[in-house]
Amino acid sequence: MTELAAPARTAAGAPALGTGIEGSPVGDRIYRVSIAAFAMAVPLLLAAIAIAVFAAAWPAFRTFGPGFLTSSRWDAVEGAFGAAPAIYGTLVSSFLALLLATPLAIGVAIFLSEFAPGWLRQPVAFLVDLLAAIPSVVYGLWGIFVLVPLLRTHVMPFLANTLGLGRTPLFSGPAYGPSMLAAGVVLAIMVLPYISAVAREVLLAVPRSQREAALALGATHWEMIWGAVLPYARSGIVGGVILGLGRALGETMAVTMVIGNRHEIAASLFAPGYTMASLIANEFSEATGDLHLSALMAVGATLFAITLVVNAIARWLVWSVSREGAP
Amino acid sequence: MIVAPLAALVLAACGGGGDAKAAGGDGGAATSRSSSVDLTGAGATFPQPIYNKWFSDYAAKTGVRINYQSIGSGGGIRQLSEQTVDFGASDSPMKDDEMAKARGGPVLHVPTVLGAVAITYNAPEIQKPLRLTGDVLADVFLGKVTRWNDARIAALNPGVALPAKDILVVRRSDGSGTTYIFTDYLAAVSPAWAGGPGKGKEVQWPVGLGGKGNEGVAGQVKQTPGTIGYVELAYARQNRLSVAELRNAAGNFVSPSVETVAAAAAGVAEKLPPESDYRLSIVNAPGPNAYPISSFTWILLYRNQADPVKAGKLVDFLRWALRDGDSTAVALDYVPLPEALASRLDQRLAQLAPASAQGAK
């Protein structure tokens, strides 16, 4: 540090400025190469992971073909594997989580950025962010001991009987507790801070002039938020939702503990299900057969592919929303 | 605090990798790094508490340090096959094709302690311990018997007021030795089970909820009235779960305990041929007092050891554990091997030792 500072002090004025811009050519080159190497390391690492996973998954894909994605049979004893229930469960539980978390998270973000008095804003924002710092196994335990009994004794009977939704396939069947619904609720709580934190920052970044223009046109506080602030922040909020979705798709421990782990596709949200991440977590350590191990790697590869596709769709969504929103 | 175990791990890994080279004169090296680990093993989670206790007692007594990673039976078998550990541990015996794939040649199975699977249930209406037979239990887990007051359950429990409720089956979702022992038993007593789900560390369950680990199953059963599940005996005892009595091969109803599980092993051990490889299933064992869902857990090692020093240490440890480890086992709710079987194993291990024992001394 001292050596670097020395020439600047001795050669004051223009010459010092000149050396600052040009620098030492060798040093610059080392810097550029090392920075490029760091940047390259990420895609290379990703490629290495993808190759390793798909190579290990290949025997299962070759044996079962496309049936691996559509079959519901998962029988380690007979060596027949199909991942359809896990794929279905991952998508449904994540979608359910977003459905529950998004309105709540945006509501929290609007309250904190637009309505909350200054003394309340920081503590509440801190508490919401704190939700993201809780380990997922703690969510899982909370799910087992608090959420699942609550769902079984109160929420499920209320939905099915009091609201009369029990006649629809979505809310039918016996209420055991561990279920797709429980997984969705736990996931919703887990992704809420991500969506909310991003939405809050985006809303706070909406320029003051935007708000003032709306108010000047005679808009109420609410109309100003709805008509001027939210459209401006739309692409950022969608980005936050996608971040939450990525978290929900890959979440393992908490979901495993509350979803019931049954390898079956059921229409009802009250029925137990399975997710891809749970399946891998449950069976990997005791999978001795080569085909079994390969089938689990194939589930991992499928999860990898689905995450990529979902993220690509999300990118496209953010892009199209921001283009639409642009004046 | 954090660095020390990490260093041990790294050293252990180095030790594992450098086996072949160090095979010659390792004596000096072993003393020079006295803080490192002498033997490494990996495998089953079920016996981990007793193994760790044994290892620490043994280290205090002899200075031989053994590092054990409880990564699951499957992982233990895989690591042993690839020779990345000195010994493996498993709750189910290796299959023939797994034995054939092991790189280091023939694998020996050494039973260490006994385990059992307890049937636990949540039906507060039932005052006395529930009584079941193997075929009724299999039909419950097949989804054929679905009500607590089913005629077949009622016939086994005369005079007991059974609730008119649905039975909700809870089973393990993760692959486990406990599931292996349980399904091994169901396959032994029920042709329908043997022809259907079969036996394995994870099977295709026809009905029920999956809980992760013993605590997942027990948590579900404790919270939900009308449930039935299975957990390790030690876990059931420590958590005071309601446990069912099962009818054994001799026709008696027995509840799982140290005595009844040991009786199951003794009944099988008596009839053992002298050259047994100890890959034994003791489910549905004969004997008037034998608990039917019992099993060994094994330590796996290669018959032909590359490193005589390590081989000597391993054999010495196993003989010590079989001889002096009983009281610790009972204190931790494990069931020690019957005396006759332990002494037979001791003789067998003693035969193994000669080539290696010289190296150790």
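Two strands are said to pair here when DSSP finds at least two bridges between them. The model shown in these views is predicted.

**View 1. Strand E4 of chain B is largely enclosed by the rest of the structure.** E4(B) spans residues 107–121. A residue counts as buried when 20 or more other C-beta atoms lie within 10 Å of its own.

**View 2. E4(B) pairs with E11(B) in the antiparallel sense.** Strand E11 of chain B covers residues 294–302. Nine bridges link E11(B) to E4(B). At one position, B:Gly115 faces B:Ser295 of E11(B).

**View 3. E4(B) also pairs with E8(B) and with E12(B).** Strand E8 of chain B, residues 227–232, runs antiparallel to E4(B) and is joined to it by five bridges. Here B:Ala118 lies opposite B:Val231 of E8(B). Strand E12 of chain B consists of residues 335–336. Its pairing with E4(B) is antiparallel too, over two bridges. B:Val113 has B:Pro336 of E12(B) as its bridge partner.

**View 4. Three strands of chain B form an open sheet with mixed pairing.** The strand order is E5-E9-E10. E5(B), residues 131–132, and E10(B), residues 253–254, are the edge strands, and each pairs on one side only. E5(B) pairs with E9(B), residues 245–247, in the parallel sense. Two bridges hold this pairing. B:Arg131 has B:Glu245 of E9(B) as its bridge partner.

**View 5. Two stretches of chain B have pLDDT below 50.** Chain B as a whole has a mean pLDDT of 84, and 88% of its residues reach 70 or more. Residues 1–35 stay under 50, and the model gives them 25 contacts beyond four places in sequence. Residues 354–361 are also below 50. That stretch has 14 contacts in the model beyond near neighbours in sequence. Where pLDDT is low, predicted coordinates should not be read in detail.

**View 6. Chain A meets chain B through 21 residues of chain A and 29 of chain B.** On the chain A side, strand E1 (74–75) and helices H7 (136–162), H11 (253–258) and H12 (276–283) each supply at least two residues. By class, that side has 10 nonpolar, seven polar and four charged residues. For the complex, the predictor gives an ipTM of 0.77 and a pTM of 0.81.

**View 7. Chain A is assigned two domains, 2–63 and 67–325.** The centres of domain 1 and domain 2 of chain A, taken over C-alpha atoms, are 36 Å apart. Their contact draws nine residues from domain 1 and 11 residues from domain 2. The domain 1 side of this contact has eight nonpolar residues, one polar residue and no charged residues.

**View 8. Chain A contains 13 helices and two strands.** Its radius of gyration is 26 Å, well over the 20 Å that the globule rule gives for 327 residues, so chain A is more spread out than a compact globule. Along the principal axes, its C-alpha atoms fill a box of roughly 80 × 60 × 35 Å. Of the 327 residues, 37% count as buried. Among contacts between residues at least 6 apart in sequence, 75% join residues at least 24 apart.

How values were computed. Residues numbered from 1 in each chain as written. Chains lettered and ligands numbered in written order. Predicted model: local features only at pLDDT ≥ 70, side-chain atom pairs only at ≥ 80, totals over all residues. Helix = DSSP H or I, 4+ residues; strand = E, 2+ residues; numbered from the N terminus. Rg over C-alpha atoms; globule rule 2.2 N^0.38 Å. Buried ≥ 20, exposed ≤ 12 C-beta atoms within 10 Å, placed from the backbone. Contact = placed C-beta atoms within 7 Å. pLDDT = per-residue confidence, 0-100. Nonpolar A, V, L, I, M, F, W, Y, C, P; charged D, E, K, R; others polar. Domains from an automatic or database assignment.
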